[in-house]
Amino acid sequence: MAEQTRDHILSKSEQIPVVAATDVVVIGAGPAGLSAAVSAARNGCSVTLVERYHHLGGMASGGMVLVLDDMVNEGNEIVTTGIVTEFVDRMESQDGAVYPPREDCLTNWEMWQKWSRWGCIDFHKTGMPQPIIHAVAFDPDCWKRVSLDLVREAGVNLRLHSWFSEALIEDNRVTGIIVQTKLGRQAIKAGMVIDASGDLDVAASAGASFINGQYIVTTVFRLMDVDTDRAEAFEYSEPEAYKKLDREARRRIGGAWGMWWLKTPLPGVVWCNCPHMPGYDGISPEDMVAAEFEGRERMMNLLHFARENLPGFESAKMLGAAEQMGIRQTRLLQGEYVVTKKDVASRRYFADSVCRGRDYYTPYRALLPKGIDNLIVAGRHYSVDSDAQKLSREIPPCMSQGEAAGVAVSLALNAGTALRDVDAKLIQKQMRAQGADPGDVPSANALIEDTVTA
C-alpha cells in the first residue's frame, strides 16, 4: 500500500448548511445504491441518493463492467431477480441488452460459438464447451438512461457531484452525512442511512469494524471498428493459430480472463475487461494514479498487437477507457455475521437470507454493522471475508442486496424499530412481492444451515 502518513494541520471550525432532510439517504449510485434508493422510495420513503460522479450506475456504466452474470443456479435456474430484471427488460427494449433465449441455454459447440463471445457462459465450469446460461451483455450508456428513468419515476431526490466526507453520529446512531461539493461541505439529515459506496466509506467513518482487502484492479476499455464476424470465424476455423495469437495478446495486456474481448450490443464495438493489475490499493490516490498510467500503457500495447496480427482487428480503434477504475475489493465490513468462503462454496442456506447470487445466500445479518444503529450496507463491501468476497461481488447480487436494504429501512421506519430488530421474514415477503428472490426458499443443492456448525 502507498504511504499515507504525512504532516497534519488543524482545520478551522465551520457551519455546514443542511441541504436535505429525508427518511433515507443512500451513498453511492452504483448498482447496489440505485436498487436501494428505488426500493426504499417504492416502499413509501422519502429518499436522497448521493453520487460523486456525473452519472448513475457505478461499475455497470462508468466502470464498464458490461456483462451481468452470477444470476443462475445449477440448471440455469434464474435466482437473482427483482430490480435487476427490470433493468434488463428496459435496456432490451432500447436495444441495449443481449442475452440468449432459454432454448439456447445448452451445452454444445453450436451454442458455444453463438453465445460465448457475448460472455453468456458458466465460467465456473471447467469442461469445454462451458454451458450457455442466462447472462446479459449490455451498453453502458443505456444503463445510465435506465437508471435516470427509474430514479425519476420513483421520486428519488438525486444529488450528483457530491463526494461523501463524513458520517454524522449521535449516541452510536448515524443521523446523516456530510458531503463535499463545489459549493463547499453540505449536510444531509436522515432517519436511515444506506452505505452503498463500494468502499464502506460511511460505515468506516461511523466507526464500524472492517478489514482491508485487496484484489486486482482494471482499466476496462472498449475498441471500435472490429469485424467480430471475421474474428470469430478465424477463432473457430483455425483454432491452433488463434490460440497462439491469443496467448501473445494476453501476455501483452498482462493478465485477463479467459476471453479478453467480448461483443457488445453496439456493432463493431468490443469490451475488454482487462488488464488485471495486482498490488494496488483501491482507496489510495497515489496507487490509482499509478494504475491509470499502467493500464493505459497496457491497453495500447494490446491494441497495436491486435491490429497487426489478429484477423478482424485490422481497423480497430480505441473507443475509450472506463470513466471509473475497476476496483474489486477494498474495505470489507465485519458485521453481525461475516460470510466465509466456506459459506459461499458450500452453498450454505441461511434462514435470514434476504438476497442471493448464483448458488449462494446472503443473510440479513451480513448487511448490518455491529454496535451502530440506523445504518445498513449494500454492495461488494458487505460483511464478508476477503476470499468469500471474490466469489460474491458481481453486479446482480449487489443489486439484490441493495433492493433488500431498501425494504429493510422502510420496514424499520414504519415500525419505529432498529434495523437489527426488523424481522427477516418480513423482508423476504416484501422482496417476493417486488418480484425478487430473497433466498428464503433454498434450491435443491443448498446446504441447510442447521447441518453446519455456526
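Author: **Salt bridges**

A salt bridge joins the side chains of arginine 152 and aspartate 149, with N and O 2.7 Å apart; the term requires a side-chain nitrogen of Lys or Arg within 4 Å of a carboxyl oxygen of Asp or Glu. The model is predicted: local features need pLDDT of at least 70 and side-chain atom pairs count only at pLDDT 80 or more, while totals for chains, interfaces and linings use all residues. Residues are numbered from 1 along each chain as its sequence is written, and side-chain values use heavy atoms, with hydrogens and water left out.

Because arginine 152 and aspartate 149 stand three residues apart in helix 4, about one helical turn separates them (helices are DSSP runs of H or I with at least four residues, strands runs of E with at least two, numbered from the N terminus). Arginine 152 is exposed, at 60% relative accessibility, whereas aspartate 149 is partly exposed at 22% (buried means under 20% relative accessible area, exposed over 50%, partly exposed in between, with a 1.4 Å probe and protein chains only).

Elsewhere, arginine 117 and glutamate 235 form a salt bridge at 3.1 Å, N to O. Arginine 117 belongs to the loop between helix 3 (109-115) and strand 7 (136-138) and glutamate 235 to helix 6 (residues 228-237), so this pair ties together parts 118 residues apart in sequence. Both partners count as buried: arginine 117 has 1% relative accessibility and glutamate 235 has 10%.

By the rule given above, the count is 36 salt bridges.
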